[in-house]
Amino acid sequence: MFQLHYFVNHPYLGYPHEAAAEFGAVMLKFSNRHFDGERAAELFERYHEEYVVAEQAGFDSIVVNEHHNAPAAMSPAPNLFAVVVAKLTERVKIFIAGNILPINGNPVRLAEELALIDLFSKGRLISGFVRGGAVESLAMSINTLHNREMFAEAHDLILKTWTEPGPFVWEGKHYNYRCVNPWALPLQKPHPPIMIPGSTSRETVEFAAERGYPYVALATRLEATDKLFADYNQIAEEHGHTPTPAHRGYFTRVHVAPTDEQALEEGREQFGGRVAQVTSMVDMKIHPDVGAWMAPPGYVSREAAIARRRYMGGTPYAFFTQGYEKALETRQIIIGSPETVARQLNELRLRFGVGHLGISHFAVEDYGRSLRNLELLGNEVFPRLREMAAGD
Amino acid sequence: MNNSDGPATVTLTGLAPLEVLKGGSGPQLVWLHGEEGQRGWLPHHARLAERFTVLAPTLPGIGASALPEWVNGVPDIAKVLLAALDVGGIGNCMLGGASMGGWIAAEMASMEPGRFRGLVLTGSQGTATGEMNTPDLFLMPYRRYISFGYNDARSAAFQDLWAGELDDDAVTQDLEVMELSALLGFKPYMHDRSLLPALARFTNPALLLWGANDVITPPAVAERFLDALPAAELVTIGDAGHYAHLEKPVEFAEAVAGFGAGLKAD
């Protein structure tokens, strides 16, 4: 089992980098006065076109996600993207990675929307559920103290809504309903596949492993990823599941060009100064409140928070940009000729034992390069990768 | 931490065990800390204790004070505190608090107006400022927020209490007060629309003792409490910010003592 996923972040490209550098952050309170609707409309046309190109390139799914208040991902409503994917494509799965349950507010309505996406697409939905970065809760003024509880309760309620005939009553700690009975239910039975994307939070790994849900590591550092999959495998087995490659996924950033030399040069152009626009990092001053936006009260466990505060001395921990060479060396970006990229992706596949590999564009700035990236992935990287995977 | 005139620590268990620092002599004054936490027996406690029997509960969820799992807002915390006062036989007393502690005190006064002879609010939360530019506890590092509560964060008053090395107890309490603050005041942000209307029930005297340079709950907030409370007066302390009790403990305690002296005898 080996699947390739195309992750579209829908970044806003072209906001004034100086304004971001001056503010010291590209999230939450970075003012939307820098947003231009004409530009965004153009970009969405491009991203929608890419869904189709990615399907033709042979990807198994198109992945969309949810973020708020940030140009790095203009994706406040992933279900809307999912509908567009459903209607523009024929074959690919639609992987929402994922809806941020604690900030959604109404799990029953969310269960209904996801059912519609499954129906519109004739059963192609993969439903990812996430806690969201802390900034997402702050952007929506949802109490971060309840994030983990709300995530778990909303999940349980959605699952029950999908799988048990209504009407039923739900009296929980955070959600209360007197008449859960949505008419439209998902096409896939017993329910659309659920996958849990995360970025190493121990609680999320536990949540997925205990329930036997596949866990997808989002561009996490390699050593941290080794550890989290070791934890995942152990916890899954303790709960009676047998983890297979289908239960593990790894997503990363890729740029392919005809030769290593060209790819590395283009990668360097993208990295230099512009890395901020795709990673929410800035290389100049750091806004003094950024650390608090990443770790508001209750968002991480008390133990993790104490360790963090002790380490940071209560001050915001530094965002930093690592150098291009370092990012390549640590495989935080995968850049090269089709042969190099296939080899490096295969190394990651084998290292983590993953059945899902997700790819997002590294060089997003230049649309021509993005399209060529997809074409080379489809024509030259994937055949190599699939052959290597078949040889396991 | 300044524990020089160490108070007694008593535990009152009404709805849940509540730790109370107790010191001094004279009429009873219950004083509630807010999101600044319970950082020991500080100069404002010691000064108040010269004139009052000071009872300073540690809010539920912090230190040895238990937080019942059903607590979900300031009215619930008020019930826990009132139950502890019942158990301690504490009534016909003065009540006061700072910032979030002021909000809790005001809530308690609205619930049992006859129990408290006088109410002291300092930089009280509980009513919306509706402004983007007042510091938000949940959108910045905790101790940076606290620094905005001082007129002069370079002063010894701030530096001695907040700028030192963080030991494990301080780290733990920072997290405990942040979590309690989020439980009580994340949304709506540090206010409750029912608070001011309900304060019409509190007809005993109230002192609004505000730092003149409070940027967290600016003096306009004090004016709203002044309008809502039937028998209130507003006194400002110069060169003080939001945490006037911490920044100007002498002036603060003198004002409270003067207010207390003017109240009807028990």
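**Interchain contact, helix packing and sheet arrangement**

The contact between the chains draws 19 residues from chain B and 22 residues from chain A, residues being in contact if their C-beta atoms, placed from the backbone, lie within 7 Å. On the side of chain B that touches chain A, H6(B) provides the largest share, nine residues. The model is predicted, and local features need pLDDT of at least 70, side-chain atom pairs count only at pLDDT 80 or more, and totals for chains, interfaces and linings use all residues. Residues are numbered from 1 along each chain as its sequence is written, and chains are lettered from A and ligands numbered from 1 in the order in which they are written.

Within chain A, helix H5 (residues 107–120) packs against helix H7 (residues 147–163) at an angle of about 50 degrees, with the axes 9 Å apart. Helices (H or I, at least four residues) and strands (E, at least two) are DSSP runs, numbered from the N terminus; axes are lines fitted to C-alpha atoms, for helices over the stretch in contact, and angles run from 0 to 180 degrees between N-to-C directions. A:Pro107, A:Val108, A:Leu110 and A:Ala111 of H5(A) meet A:Ala154, A:Leu157, A:Ile158, A:Thr161 and A:Trp162 of H7(A).

Chain B contains an open sheet of eight strands in the order S1-S2-S4-S3-S5-S6-S7-S8, with mixed pairing (two strands pair if DSSP finds at least two bridges between them). The twist averages 25 degrees from one strand to the next. Strands S3 (residues 28–32) and S5 (residues 93–98) of chain B pair in the parallel sense over four bridges, and B:Leu29 has B:Met94 in S5(B) as its bridge partner.

Conventions: Two residues are in contact if their C-beta atoms, placed from the backbone, lie within 7 Å.
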